[in-house]
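Thanks for asking me to look this over. Could you have the model open while you read my notes?

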Amino acid sequence: MYHNWPRTASRCIIRPVDEQTIQLTLTAMAHGGAALGRHEGRVIFVAGAIPGETVRAEITEDKERFAHARVVEILAPAGPGLLVDATIGLGGHADALLRAQPGFELVGLDRDPEALARAAERLQGHGDRVRFVEETFDHMHRVLRRLGLGPPAAIFADLGCSSLQLDTPARGFSFSDDGPLDMRMGGSGPTAADLLERSSWEDLVRILRDYGEERRAKAVARAIVARREQTPLRTTGQLSRLVREVIGSGGRRIHPATRTFQALRIAVNDELGQLERFLEPAIRSVRAGGRIAVISFHSLEDRIVKHT
């Protein structure tokens, strides 16, 4: 079974019971039988709800807890067996799944050695049920073959960059904090600064248009080429300010550099290519009755996932 879901809330009626509990009546189906809503800015999630049913739910401010609950609901029934977290990150989803399904044994992949170290620390309480491999998720099938493992019961991938990468200025993913224009999820390959320095105007336009869906791709690419003829773009602050000069910021809901940074990050890490190389082998490798869940964050990923 293959699952992909949007991050939109279902329609529901919410009645407070006390400070930590609400009554929630689902009025429209979403998330495959889950009630999802907000109460005073806080996330509410109830699995297994049906339209017209009134249920009680705990109020939580923890968005991760909601995401974990949904992943557990989808994947835990596939156990016992091998669980592959193909993008383990800091290990939050893996931890929730291992706690919910004692029959799971985990192989966690990530290209980021720092993330793997954090995940190993978080999951050390699960003992020999877990093992970690520093590898990109599109090489999952090779890893399983090398380890001599059979078909997985469940496969999970949480696409995009992690909070660890976004919140570390030295990694170069954020336009909010100045740092080197790196953007590599792993430690090898060209950086974003290298890409900006070496790419032709035509290639920059293609990257910004196709990966960032930037409407003013030509203007931004032209500004990048003009600036690098004077001095190389080396920091996130330099690039962010340049894009703001081209696009402006009046009346925009997002930072003017959002789409440019997304495009460069995708290009540097070959994110869409890796996703395409991951999905087909994942579908073929999962055992009969197994499940796959993918969390996608933007339309480019979403289209690939839904049409595979």
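This is a predicted model: local features need pLDDT of at least 70, side-chain atom pairs count only at pLDDT 80 or more; totals for chains, interfaces and linings use all residues.

1. Residues are numbered from 1 along each chain as its sequence is written, and side-chain values use heavy atoms, with hydrogens and water left out.

2. Please look at the peptide bond from glycine 79 to proline 80, which is cis, with omega near 5°. Proline 80 sits in the loop between helix 1 (63-75) and strand 7 (81-85). Helices (H or I, at least four residues) and strands (E, at least two) are DSSP runs, numbered from the N terminus.

3. Most residues other than glycine have a negative phi, and most peptide bonds are trans. Glutamate 213, not a glycine, has a positive phi of about 50°. Its place is the loop between helix 7 (201-212) and helix 8 (217-230). With 32% relative accessibility, glutamate 213 counts as partly exposed (buried is under 20% relative accessible area, exposed over 50%, partly exposed in between, with a 1.4 Å probe and protein chains only).

4. Aspartate 270 also has a positive phi of about 50° without being a glycine. This aspartate 270 lies in the loop between helix 10 (258-269) and helix 11, and its relative accessible area of 34% makes it partly exposed.

5. Does the length of helix 11 agree or disagree with what its 15 residues should span? At 1.5 Å a residue, residues 271-285 should span 21 Å, and the end C-alpha atoms are 21 Å apart, which agrees. The expected span is 1.5 Å times one less than the number of residues. Buried residues in helix 11 include Glu271, Leu272, Phe278 and Pro281.
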